[in-house]
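Colleague: Could you take me through the ligand site in this model, and then the spots around it that deserve a second look? Please spell out the cut-offs as you go.

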Amino acid sequence: MGKYNVENQDEYLLKHNLLDADTFHELEQLEAVAFSIRSTQLEEEGYDWLFPISIKCIKQLHYYLFQDIYAFAGEIRSVQLIKDNTRFCQAAFVHQNLEGICEQIKKEPIWISREQAAKRLAYYKTELNMIHPFREGSGRTIRIIIREHAKMHNFYWNFNEIDNSSYKYAMIESVTNNRLLQTIIFETLKEGKS
Ligand SMILES: Nc1ncnc2c1ncn2[C@@H]1O[C@H](COP(=O)(O)OP(=O)(O)OP(=O)(O)O)[C@@H](O)[C@H]1O
Ligand SMILES: [Mg+2]
C-alpha cells in the first residue's frame with residue numbers, strides 16, 4: 001500500500017481538489033460542473049487522438065477531463081482502492097494490466113452482431129473497472145473509452161440511457177459475472193456511430 005490508505009479517500013480528494021471546496025458535498029457539486037464543461041469541450045473536439053489506444057492516451061483523457069478538479073489528473077494511481085466489497089487491482093500491477101488491455105483493444109476483431117459487440121464491450125468495461133487506473137474518475141474515463149471503442153466498430157453505446165442504480169448493481173455483479181452488464185450494454189447499443 002502506498003502513502004495514503006483507502007480509508008481516507010474523501011479526505012484525500014478534498015485535500016487535492018483545485019476547486020477550493022471545503023466540504024465533500026461542495027466538492028461533489030463543483031466537480032460535476034467542472035467535469036461537464038470539460039467533457040462537453042471534448043465531445044466537440046472528438047476523440048480521434050484516443051486511438052490507437054495506449055496508456056498515454058488514457059492518461060491524457062483523464063487529464064483533460066479532471067485538470068480543473070484534481071491535482072492528480074492524468075496520473076495513474078499508486079495506492080490500493082476498495083469500493084464496498086470490491087478490491088481493485090493492486091497498484092503495482094495497474095500499469096502492466098492496463099497495457100495488456102490496450103494491446104487487446106488494438107487487436108480487436110470485427111464484430112458481426114450486436115450481441116457480440118455487447119459481450120466484448122462488457123468484457124472491456126469489467127476489466128478496465130477492475131484495473132481502476134485512477135484514484136478518482138475511473139468510471140467516467142472508462143465509459144468514454146468503451147463508447148469510443150464501440151464507435152470504431154460502428155456501434156453507438158448510449159450510456160446516458162442507463163439508470164444509475166441498475167448500472168451500479170451490474171458493475172458490482174461484474175466483479176464475478178458480467179452477464180447483467182452485457183444485457184445492459186446490449187439494450188443501450190445500436191448500430192452506427194451516433
Ligand atoms: N462495489 C463496486 N464494485 C465494482 N465496481 C464498482 C463498485 N462501485 C462502483 N464501481 C465502479 O466504479 C466506478 C466509480 O469509480 P470512480 O469513482 O473512480 O469513477 P467516477 O468517474 O467517479 O465514476 P461514476 O461517474 O460512475 O461515479 C463506477 O462507475 C462503477 O463502474
Ligand atoms: Mg467517483
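Modeller: Here is the ligand site, followed by a handful of residues elsewhere in the chain. First the housekeeping: this is a predicted model, where local features need pLDDT of at least 70 and side-chain atom pairs count only at pLDDT 80 or more, while totals for chains, interfaces and linings use all residues. Residues are numbered from 1 along each chain as its sequence is written, chains are lettered from A and ligands numbered from 1 in the order in which they are written, and side-chain values use heavy atoms, with hydrogens and water left out.

Now the site. Ligand 1 has 18 residues around it, and the closest are Asp84, Thr86, Arg140, Arg143 and Tyr167; to be on that list, a residue needs a heavy atom within 4 Å of the molecule. For polar contacts, the rule is a pair of N or O atoms within 3.5 Å; within protein, one must be able to donate a hydrogen and the other to accept it, and residues adjacent in sequence count only if both atoms are side-chain atoms. Thr86 puts a polar side-chain atom 2.6 Å from a nitrogen of ligand 1. On the backbone side, a polar atom of Gly137 is 3.3 Å from a ligand oxygen, and one of Ser138 is 3.1 Å from a ligand oxygen. Taken alone, ligand 1 exposes 610 Å², and the protein buries 86% of that (Shrake-Rupley areas with a 1.4 Å probe; for residues, only the protein chains shown count as cover). Helices H5 (114-131), H6 (138-152) and H7 (164-174) are the elements that give two or more residues to the shell around ligand 1. Helices here are DSSP runs of H or I with at least four residues, strands are E runs of at least two, and both are numbered from the N terminus.

Back to Asp84, one of the closest residues. Asp84 is in the loop between strand E1 (82-83) and strand E2 (86-87), and its phi is near 50 degrees, a positive value in a residue other than glycine. Asp84 counts as exposed, because its relative accessibility is 55%; buried means under 20%, exposed over 50%, and partly exposed in between, with a 1.4 Å probe and protein chains only. Asn154 also has a positive phi, about 65 degrees, although it is not a glycine. Asn154 belongs to the loop between H6 and strand E3 (155-157), and is partly exposed at 38%.

Arg140 leads us to Glu31, since the two are in contact: leaving out residues up to four places away in sequence, Glu31 touches Leu19, Phe66, Ile69, Tyr70, Glu136 and Arg140 (contact being heavy atoms within 4.5 Å). Glu31 is in helix H2 (residues 24-45) and is buried, with a relative accessible area of 9%. The side chains of Glu31 and Tyr70 are joined by a polar contact of 2.9 Å.

Next, check the peptide bond from Phe51 to Pro52: it is cis, with omega near -5 degrees. Pro52 is placed in the loop between H2 and helix H3 (55-66). Apart from neighbours within four places in sequence, Lys106 is in contact with Pro52 and Ile53. Lys106 is part of helix H4 (residues 91-106) and is partly exposed at 43%. Ala92 is in helix H4 too, and counts as exposed at 66%.
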